[in-house]
Amino acid sequence: MSLTTSTARPTRTIDGLLLAGLFAVAGAVTRAIWFTPVELRQGLAQKIFYVHVPSAFIALYIAFGLLAVSSALYLWLRDPRLDRMAESAAEVGLVYMSVVLLTGPIWGKTVWGTWWTWDARLTLTLFLWFVVLGLLLLRQSIEERSMRARYSAVLGLLAAILVPFIHISVYLFRTLHPRPIVLKPSAPSLPGSMLTTLLISFAAFLLLFVGLMRVRYRYATERDELLAAEGME
Amino acid sequence: MALVEATALTRAFGNRRAVDRIDLTIAAGECLALFGPNGAGKTTLLRLLAGLLRPTAGQARVDGVALPGGASARAAVGLISHQTMLYPALTALENVEFAAQLHGVPNATSAARAALGRLAIADRADTPVRALSRGMQQRVTVARALVHSPRVLLLDEPFTGLDDAGSSTLADTLADLARDGAALLLVTHDVREGLALATHVAVMRRGSIALHEPRIASGEPDAFVRRYREIVSA
Amino acid sequence: MSADLITGPAVVATDTPTREERRLSPPSFVSAAWLIARKDMIVELRTRTALLAALALSLLSIVIFNFAWDPTAVAAIDLAPGLLWVIFTFSGLLGLHRAFGVEQADRAMDALLGAPIPRTAIYAGKAIGNLALVLLVQLVSIPAALVVYNLEIARVIIPLGGIALLAGIGLVAVGTLFGAMTTSTRASELLLPVLALPFFVPVVTAAAQATARLMGGRPVDETIGWLKLLAAYDIIFVVACAFAYTVVADE
């Protein structure tokens, strides 16, 4: 289950890990909807929480963290594998961020009546969504591999530096313009079964993330090998 | 003493090797004429030796200093490429003066004037470059490359756009510089001009040097062209 | 004129000088940066493309928003700060795109990269040139905005200039780098704003909030917090982008 380079033959079989991840997520969502008690005040809509929270955690800390670290390491080591890792983390991360940005407002609107509330984590996700989109657009506009990797790594590193500034700006903004704190998912007073569902859900989304990363990374490796074979003649 | 030295110099773009393990040396006073078809990697080689590209493998040294190196490694190099590298809105004098200042030439303005005079274009010193003809712009480009008295000259099709008088002036200037101890690498499609100035001749093909010999061995231009055609179509 | 041999003083010494004997002393970081900045400013003053475009966008936006605004619903003093700095950002972007375009046309960039100057000096020179452009546009736009929206000028104009300087440095630090990165790519006109705008958010937020407090006559320490954020942003991103430029320029 390691992310090493594959042989040059194209993968025809569906990746087992990805399949497992998909089933796991399906299972977790099923448990969340039918086998977890309904929350008292928020009702059925609260169940979005089981999708929103794991996605947010994975998008911000794991995907973006991977992107930032592999960008920094690439600038130091110039290993193409790090660039492929950054590329994969950016794309898969963008997907997870999109899930966060869709589920957040839906949850907010159905439960509290407001689409958007400049919540710290949601706002940061929004900014990173734009930054990662920009990074992918930049990558798409550069043909030459080493230039693309260099530029992408620079942008990734700068994005990591930007994060604390966004945080502080939102924090200062909120203390001066108090908003209802609606999306507060980390309430420690979650009853047992809900906590269990959350943890299961988290594990499922993480499994899916790893599966998606594996497939995406493998695609990147095969694509590069194919281009190498073409370029050699 | 070798002023220009390439050792197993390689530059890849993605997985395509534009320059593939090239070894060459050019000593002071030598002029290497480099011929080759389009896409052979001649421009890439020049850019590597000018410190504009970082080698994928191997090393390029100019005046004993490895390139790209720090700022001082590039001090001895003068580059003429396909584009003029000029600012159209500035005058000829301002362009050359700017180059002189960037290289730390003392009395940059008078050095710039002298360089323009050398290329017989001193009377257009105060004309904006965009108002000059292509041939005149080429002369300004050459003046810009020479103003800091480079010991190494990398020339990519420097005769492009020049009329007979201009070509003649340039050829004489280059000969003077070689006589004064500079090392020249001249990439050109003009066989006659190239052979006239060369002390050594090379042919580049698909990233490698296919031929490298003293000028004497190359013979007359027509004979050389025949051999060249054989080499590149092999 | 025929090609006579040189009769005047030789530009190249007749015997090969050693490295120590050579008269050339390449310019320092500061001199090199200033040479490049000065050259950019001269070129811009002669062509005026970026300056006029940015100025036109800025002034037109100020006027257009005046027509889009209902003074009975929103007081000028509530509208103007945000407006001022949003316009500043977009007119700045317009100017930034041009900066590296100057070098692209005839590959003058190669001459800069081939010169014996540190790569960071190129970044610094370009950034200073861009800052001059941005500040020049603000020099006209800020008074224009104050006039159009009937705001009190005297008390705020100097502090606003200070905010403009801090915000300008932040804008230019990031914008110069991204300008260099996008100028050689496809769809560069669109890519520069897409990349840069998320990075400009802390700058615009801090500048607008500080301006709002300033105009509202609030106590100074409320403004100071935002200014400190701006200053921290400036320092960190100038250093980070200067370093990043050496990576970007290193082909």
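Start at the hairpin of strand 1 and strand 2 of chain B: 2 residues lie between the strands, and B:Gly14 there takes a positive phi near 65°. Helices (H or I, at least four residues) and strands (E, at least two) are DSSP runs, numbered from the N terminus.

Before moving on, note the ground rules. This is a predicted model: local features need pLDDT of at least 70, side-chain atom pairs count only at pLDDT 80 or more, and totals for chains, interfaces and linings use all residues. Residues are numbered from 1 along each chain as its sequence is written, while chains are lettered from A and ligands numbered from 1 in the order in which they are written.

**Stop 1: the hairpin, chain B**

Select residues 2-13 and 16-27 of chain B. These are strand 1 and strand 2, paired in the antiparallel sense over 8 bridges. Two strands pair if DSSP finds at least two bridges between them.

**Stop 2: the open sheet, chain B**

Now colour the sheet with strand order 6-7-8-3-9-10. This sheet of chain B is open, has 6 strands and shows mixed pairing. Its edges are strand 6 (77-80) and strand 10 (208-214), each pairing on one side only. Direction ignored, neighbouring strands are turned by 15° against each other on average. In a regular strand the side chains alternate between the two faces of the sheet.

Zoom to residues 31-35 and 200-205 of chain B. Here strand 3 and strand 9 run parallel, joined by 4 bridges. Pick B:Phe35: B:Val203 in strand 9 of chain B stands opposite.

**Stop 3: B:Val77**

Go to strand 6 of chain B and select B:Val77. Is B:Val77 buried or exposed? B:Val77 is buried, because 26 other C-beta atoms lie within 10 Å. The cut-offs are these: 20 or more other C-beta atoms within 10 Å of its own make a residue buried, 12 or fewer make it exposed, and in between it is partly exposed, with C-beta atoms placed from the backbone.

Which residues does B:Val77 touch, not counting those up to four places away in sequence? In chain B they are B:Ala50, B:Gly51, B:Val62, B:Pro150, B:Val152 and B:Leu154; from chain C comes C:Gly114. A contact needs C-beta atoms, placed from the backbone, within 7 Å. For a distance check, draw a line to B:Glu30. B:Glu30 and B:Val77 are 47 residues apart in sequence and 15 Å apart in space, C-alpha to C-alpha.

**Stop 4: two domains of chain B**

Colour chain B by domain: domain 1 is 2-76 + 151-233, domain 2 is 91-149. The bounds come from an automatic or database domain assignment. Taken over C-alpha atoms, the two centres are separated by 24 Å. Where the domains meet, 10 residues of domain 1 are in contact with 9 residues of domain 2. The domain 1 side has 4 nonpolar, 5 polar and 1 charged residues. Ala, Val, Leu, Ile, Met, Phe, Trp, Tyr, Cys and Pro count as nonpolar, Asp, Glu, Lys and Arg as charged, and the others, Gly among them, as polar.

**Stop 5: chain B against chain C**

Show both chains. The contact takes 44 residues from chain B and 35 from chain C. On the chain B side, strand 6, helix 2 (92-102), helix 3 (108-118) and helix 5 (164-179) each supply at least two residues. Helix 5 gives the largest share, 6 residues. By class, the chain B side divides into 25 nonpolar, 13 polar and 6 charged.

**Stop 6: inside chain C**

Of its 251 residues, 48% count as buried. Among contacts between residues at least 6 apart in sequence, 85% join residues at least 24 apart.

Select helix 3 (residues 76-104) and helix 5 (residues 119-148) of chain C. They pack at an angle of about 145°, with their axes 10 Å apart. Axes are lines fitted to C-alpha atoms, for helices over the stretch in contact, and angles run from 0 to 180 degrees between N-to-C directions. The contact includes C:Leu84, C:Phe88 and C:Gly92 of helix 3, and C:Leu133, C:Val137 and C:Ser141 of helix 5. Its residues divide into 11 nonpolar, 7 polar and 1 charged.

**Last stop: chain C against chain A**

Bring in chain A. Here 20 residues of chain C are in contact with 21 residues of chain A. Helix 7 (188-215) and helix 8 (220-249) of chain C each supply at least two residues of the chain C side. That side divides into 16 nonpolar, 3 polar and 1 charged.

How values were computed: Contact = placed C-beta atoms within 7 Å.
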